[in-house]
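I opened this notebook to record what I looked up in one structure. The entries follow the order in which I worked.

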Amino acid sequence: MILCQLTDLHVRPPGRLSNTVVDTNALTARAFQAVAAMTPRPDIVVITGDLTECGLAAEYAELRELLRVLAMPVFVIPGNHDRRENLQAGLADLPHVAGGLAFLHYTVDEYPVRLVMLDTLVPGHGHGELCPERLAFLEAALAAEPQKPTIVAMHHPPFLCGIEHMDRINLREAAEFTAIIARHRQVARIICGHHHRPINAPLAHAIASIAPSVAHQVELALSPGAPANFILEPPGYQLHCWQDGQLVSHTGVFGRYDGPFPFITDPDYPGKAA
Ligand SMILES: [Fe+2]
Ligand SMILES: [Fe+2]
């Protein structure tokens, strides 16, 4: 089973840019086309929040159009740039999105790896929360299938990464979240977005990881007090592959590059030619 994780699309109304310079719609269209052409084809796509820049109905309508190139099921959760009600209305035909529930969280049970999709959105704020109701959902969802390998997906990372301005807007209830994960050994991975960079860290017995953005990246700035900047490094994605009873994850980048080229072993190579 191959899960393609995309995140932080920041789609805009047609003709408008993100942060005045990033053509997020074009970048999202390019990403979707690349995923549609992947061989082998991912079984599902998971988009871990910040689907749009401002949560506008026009942005979800644009995203709905862009999604048409993807033939596989697409599962989404909101980020801080989304508006829950507009997302639920604009993407109502995506699985589990419709229904007008208080939170857009759900489980996906029909694949070899189970997904627990969390909603960490706090309307009007950049940081993420798992209030008692959402923590109870997570606990109950994991208790329901203790034997099945599971990925938990959420927008806000539940760990500090050292990029200060992003750490200030991460998940507030990291301790409570980690305590729940620790009780459920079937959780293999926690996949996140929000930080617009590929980052991973241990979390209880599992690995927590952040995928790069489909659009702009956050500058890798680990100095205390470093300003909040983004940078147009290559956008990317992650493929989480369930194979031989474990989850192996690859990070790829979108865009066109020279190659691929075959390896041609130099006669002076000290190893043995394959
Ligand atoms: Fe984002
Ligand atoms: Fe975000």
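**Strand S7 and its partners**

I began with strand S7 and found that 4 bridges join S7 to strand S9 (residues 206-210), the two running parallel. In S9, Ile210 is the bridge partner of Cys192. Strands (E, at least two residues) and helices (H or I, at least four) are DSSP runs, numbered from the N terminus, and two strands pair if DSSP finds at least two bridges between them.

I noted that the model is predicted: local features need pLDDT of at least 70, side-chain atom pairs count only at pLDDT 80 or more, and totals for chains, interfaces and linings use all residues. Residues are numbered from 1 along each chain as its sequence is written, chains are lettered from A and ligands numbered from 1 in the order in which they are written, and side-chain values use heavy atoms, with hydrogens and water left out.

I then turned to strand S6 (residues 150-153), which pairs with S7 (residues 187-192) in the parallel sense over 4 bridges. Thr150 stands opposite Val187 in S7, and Ala153 stands opposite Ile191.

Is S7 enclosed or open? I recorded it as largely enclosed by the rest of the structure, because 5 of its 6 residues are buried (under 20% relative accessible area; exposed is over 50%, partly exposed in between, with a 1.4 Å probe and protein chains only).

**The sheet**

I traced an open sheet of 6 strands in the order S4-S5-S6-S7-S9-S8, with mixed pairing. Its edge strands are S4 (106-108) and S8 (199-203), each pairing on one side only. The twist averages 20° from one strand to the next.

Helix H4 (residues 132-144) lies across S4, S5 (114-117), S6 and S7, and runs at about 170° to S5. Axes are lines fitted to C-alpha atoms, for helices over the stretch in contact (heavy atoms within 4.5 Å), and angles run from 0 to 180 degrees between N-to-C directions.

**Helix H2**

Which residues of helix H2 (residues 57-66) are buried? I listed Glu59, Tyr60, Glu62, Leu63, Arg64 and Leu66. The buried residues of H2 pack against helix H1 (24-36) and helix H3 (84-90).

**An exposed leucine**

Last, I located Leu232 in the loop between strand S11 (230-231) and strand S12 (236-243). Leu232 counts as exposed because its relative accessibility is 59%.
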